[in-house]
Amino acid sequence: MTPGTTSTRTLRAGRRTVPLHRPDKVLFPGGGGEGHPSYTKSDLADYYRDVATFMLPHLRGRPLMLERHPDGLDGPRFMQKDTPDHYPDWITRAEVAKEGGTVTHTVCDDTATLLYLADQACLTLHRWMSRTGGTGGKGGTGSTRGTGGIDNPDRLVFDLDPAKDDFGPVREAARLVGELLDHIGLPSALMTTGSRGLHVIVPLNGRHDFDDVRDFAKDVAETLARAHPEQLTTAARKKDRGDRLYLDVQRNAYAQTAVAPFSVRAKPGAPVAMPVAWDDLDDPALSARRWTIEDAVEQARTDPWEGLLRSGRALGPARRKLRALRG
């Protein structure tokens with residue numbers, strides 16, 4: 001990918017025209033010990049435009065936390081929750097409750113919004129585990145707390161966080177999580193994070209609140225940690241983990257986020273959080289940063305999840321099976 005010379009580039013997305021300012025701005029510097037290529041803002045926008053068909057179903061209706069790097073990886077990072085007033089009115093907003101007030105998150109419902117966020121040097125989109133329930137709309141702001149949508153996640157996430165930058169323990173932990181979920185009757189999907197680990201994602205029917213979902217995820221994690229105490233831990237403090245992999249379930253709490261599928265990560269080489277099939281665990285080439293913006297779209301076309309997340313489950317039957325297993 002070769003930088004151009006123009007100061008502004010115009011991108012078309014449906015009925016919208018989105019300007020891309022300073023498209024030649026390098027966001028991912030090249031070089032370094034691993035010889036990563038460099039990528040510009042234009043490269044980022046091209047990737048998000050090409051992957052939008054696959055990515056948008058995982059974003060629509062979900063409040064976002066935006067990870068922005070206006071000066072690229074070498075500059076400061078901003079974690080943006082509130083939507084600035086200057087954002088176009090056609091971008092969806094969602095006003096949600098926080099302690100002492102509310103915050104108005106950006107929601108990415110279409111390709112034009114995805115391109116606009118690329119222009120804002122938003123490298124990574126971190127999404128809520130619940131949807132707004134339809135109260136936030138195009139060009140408007142809706143209060144979503146208490147509607148039954150925003151309070152009830154339709155995704156449960158296990159974040160497999162290794163103590164060291166070693167993918168072997170991550171691979172083994174994913175197998176253990178997947179096997180237990182299968183045993184208690186819950187389908188699950190696997191995703192590389194583009195950073196160090198993997199996410200195991202369970203589709204839910206949206207009828208449980210965040211506390212219920214997090215408590216269930218904690219029970220699953222503790223069951224695994226007790227069965228494999230030398231490999232796994234649920235200790236939140238790093239000093240208590242040793243060399244064990246951390247089964248992180250904290251992303252299942254209200255207002256917490258997890259990286260969205262197909263998001264670019266703020267790492268050298270522009271790695272991507274990529275859905276994968278469970279059989280991919282047997283591939284020795286698999287790693288948390290296996291795919292980048294160079295080849296992620298091709299992988300996306302294979303549909304590794306094969307519709308796994310379309311039919312959410314209730315936790316009641318799985319909870320009963322888990323309790324019986326725990327004794």
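Helix α2 (residues 111-119) is followed by Ala121, whose phi is positive, near 60 degrees. Ala121 sits in the loop between α2 and β9. Helices here are DSSP runs of H or I with at least four residues, and strands are runs of E with at least two, numbered from the N terminus. The model is predicted: local features need pLDDT of at least 70, side-chain atom pairs count only at pLDDT 80 or more, and totals for chains, interfaces and linings use all residues. Residues are numbered from 1 along each chain as its sequence is written, and side-chain values use heavy atoms, without hydrogens and water.

Most residues other than glycine have a negative phi. Two exceptions are tabulated. Buried means under 20% relative accessible area (1.4 Å probe, protein chains only).

Helix α2 itself is mostly covered, with eight of its nine residues buried. Among them are Leu114, Leu115 and Tyr116. The buried residues of α2 pack against α1, β1, β2, β5, β8 and β9, where contact means heavy atoms within 4.5 Å.

Helix α1 (residues 41-55) packs on α2 at about 155 degrees, with the axes 9 Å apart. Axes are lines fitted to C-alpha atoms over the stretch in contact, and angles run from 0 to 180 degrees between N-to-C directions. The two helices are therefore roughly antiparallel (over 145 degrees). The contact includes Leu44 and Tyr48 of α1 and Leu114 and Ala118 of α2.

Note on methods
Angles under 35 degrees count as roughly parallel, over 145 as roughly antiparallel, 65 to 115 as roughly perpendicular and the rest as oblique. Buried means under 20% relative accessible area, exposed over 50%, partly exposed in between (1.4 Å probe, protein chains only).
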